[in-house]
Amino acid sequence: MRGTSVIPAKPLYEGKAKSVYASENPDELIVVFRNDMTAFNGVKHDQFTDKGRLNATASEFFMKMLEAEGIPTHHIRMSAPDTMIVRRLEMIPLEVIVRNVAAGSMTKKYPVKEGMVLDRPVVTIDYKDDERGDPMINDDLIEVLHILTADELRKVKEMALHVNKVLTRFFDKCGIRLVDFKLEFGKADGTIYLGDEISMDSMRLWDKKTGESFDKDVYRFDKGDVIAAYRNVLKRIIPDSGV
Ligand code: 5GP
């Protein structure tokens, strides 16, 4: 039992930081945000008290915000502070990344300096496959591998850019620069929904004034106390959350 839902003993799927369980309703799943933190495709792995709850709280907050802006998401409700009841989706094996500022893999792959503000938001897409190291994929491959039709891909990119607009505007008011983030999508009844999570694990967030990181880079590159950084984001985005 966790909150209002009965959690089966075995998950349907165990990711690096979340576990997904069947629920009594066949159209819904139970997602538990765990305290595990991993980086570099699981090479670095630790556990931090409260991390699951902090990411679940942020994710719920953003999913609700995006729903209000007309973007369909898998979020239904929380059954515990670290547990989200979601719509069951057929997940699309793509990591859709929106970049506003050059950072991370972009600065490794291309001759661009970290921190360069891009002329416009850029969408890059990785094929989600740990064994292959999540290789970057392009529109032609997405179509010929029958991952998405051209129309569906157009819709996914449009949704990703819409999410970027909503989140960039919001973070700006909180004194945070949304550098980049990763989204995952899925389908149900012919509709494309935003799935997975939107949290400090999946975004790069920099303080607008100091450039300090408040995201998983703090853990990836041993920049300090990652839980303090995540808490700092929650304090800014939901001042009355009491974290
Ligand atoms: P990069 O391509 O620079 O590694 O990542 C770009 C953005 O997407 C960053 O905000 C990063 O946190 C996020 N991202 C990329 N791949 C993953 C992933 O496998 N898991 C998570 N949680 N975030 C990712």
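**View 1. β10 gives the second largest pocket the largest share of its lining, four residues.** This is a predicted model, where local features need pLDDT of at least 70, side-chain atom pairs count only at pLDDT 80 or more, and totals for chains, interfaces and linings use all residues. Residues are numbered from 1 along each chain as its sequence is written, and side-chain values use heavy atoms, leaving out hydrogens and water. Strands are DSSP runs of E, at least two residues, and helices are runs of H or I, at least four, numbered from the N terminus. At least two lining residues each come from β9, β10 (117-127), α4 (150-173) and β12.

**View 2. About 170 Å³ of space sits in this second largest pocket.** The volume is the space filled by probe spheres set on grid points joined across faces, edges and corners. A pocket is an open set of points on a 1 Å grid over the protein atoms alone, where a 1.4 Å probe fits, with protein on both sides within 12 Å along at least five of seven lines; lining residues have an atom within 4 Å of a point. Among the lining residues are N100, V117, R120, D172 and K208.

**View 3. The ligand has 15 residues around it, with R99, S105, D180, R204 and R220 the closest.** β9 (94-101), β12 (176-183) and β15 (203-207) each put at least two residues into that shell.

Conventions:
A residue is near a molecule or strand if one of its heavy atoms lies within 4 Å of it.
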